[in-house]
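Please examine the structure shown below.

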Amino acid sequence: MPLRLPDRLPAIDILKKENIFVIDNSRAHSQDIRPLRIVILNLMPLKITTETDLIRLLSNTPLQLDISFMKLRSHTSKNTPIEHMMMFYRDFDELKVEKFDGMIITGAPVEQMEYEQVTYWNEITGIFDWAKTHVTSTLFICWAAQAGLYHYYGVPKYPLDTKMFGIFPQKIIGSQLPIFRGFDDVFMMPHSRHTEVRHKDIEKVSGLTLISDSDYSGVGIVMARGGREFFITGHLEYAPHTLDSEYQRDRGVRTDVGIPLNYYPGDNPDLPPMVTWRAHANLFYNNWINYYVYQETPYDINKIS
């Protein structure tokens, strides 16, 4: 089955060139099937890039997905054309009357600020609360994972002396969980962050389950409410050259950012990066859609609670 996307979304042409099956809304209306409704709250600065990264991963399910994009009323993107935002994104105030089978909340470049200092903190915590009753399962990525753990469960974050930057092996703790069906015992995950959450704080909360961990990068993925919430500290969605772009941006500018480890052959940035996480990233998102969204959501979407 294809992904169902807004007409003229830039990701459509990009992904068709990668032989990924997508259709726009005008064609999808002719199909007599209820697609799963997925909403993406995209907080990343380069929104078109993040849209494409996430849609690429969501495309591997045999189920039809209806993708919507949410934006914050209290924040205006400086790096994405206003025409793009107006055409493809809707305010939370407009979407909050609806219900969704799945939701993805991305990271944001505000992790070194205290949560309450973030200008849109009040709005995003309102969205977090709304998701608990209007979404079957939600993925929180990087800063959103830390923010969700803090808002829901009081888990603090801690600053790092140097950026956690690179591709790090993750050990699976919950191997029996459907989210890891088909996984190897260890998988790779990109990380790009200046803060962390710690095991001791996760372990204090009875409602949280640590399901993947790393000897180097620490807490990997935390699950809550039986899979209605997944908090992912890394970036399985990253494209092959995303870390390279971040490294070139900060190279010679920041003293707390080094070479992304385990990314370039021999950690040599003059060589093209190695992609070691793509297969497990596709499998993770496919398992999420199949076992935590599709199999848990009611056919009548209005019955989500």
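In H7, the buried residues are Trp143, Ala144, Ala145, Gln146, Ala147, Gly148, Leu149 and Tyr152. The model is a predicted one. Because eight of the 11 residues of H7 are buried, the helix is largely enclosed by the rest of the structure.

Packing of H6 against H7
- Helix H6, residues 121-134, packs with helix H7, residues 143-153, at an angle of about 75 degrees, and their axes lie 11 Å apart.
- H6 is therefore roughly perpendicular to H7, since angles from 65 to 115 degrees fall in that class.
- On the H6 side, the contact comprises Trp121, Ile124, Thr125, Phe128, Asp129, Ala131 and Lys132.
- On the H7 side, these residues meet Trp143, Ala144, Ala147, Gly148, Tyr150, His151 and Tyr152.
- Classified by residue type, the contact of H6 with H7 has nine nonpolar, three polar and two charged residues.

End of H7
- Glycine 154 follows H7 and has a positive phi, near 70 degrees.

- Asparagine 282 is located in helix H10, which spans residues 278-294.
- Its relative accessibility is 19%, so asparagine 282 counts as buried; the cut-off for buried is under 20%.
- Leaving aside residues up to four places away in sequence, asparagine 282 touches Arg56, Leu57 and Asn60.
- With asparagine 60, the side chain of asparagine 282 makes a polar contact, side chain to side chain, at 2.3 Å.

Technical notes
Residues numbered from 1 in each chain as written. Predicted model: local features only at pLDDT ≥ 70, side-chain atom pairs only at ≥ 80, totals over all residues. Heavy atoms only, no water. Axes fitted to C-alpha atoms, helices over the stretch in contact; angles between N-to-C directions. Helix = DSSP H or I, 4+ residues; strand = E, 2+ residues; numbered from the N terminus. Parallel < 35°, antiparallel > 145°, perpendicular 65-115°, else oblique. Contact = heavy atoms within 4.5 Å. Nonpolar A, V, L, I, M, F, W, Y, C, P; charged D, E, K, R; others polar. Buried < 20%, exposed > 50% of the residue type's maximum accessible area, 1.4 Å probe, protein only. Polar contact = N/O pair within 3.5 Å; in protein donor to acceptor, adjacent residues only side chain to side chain.
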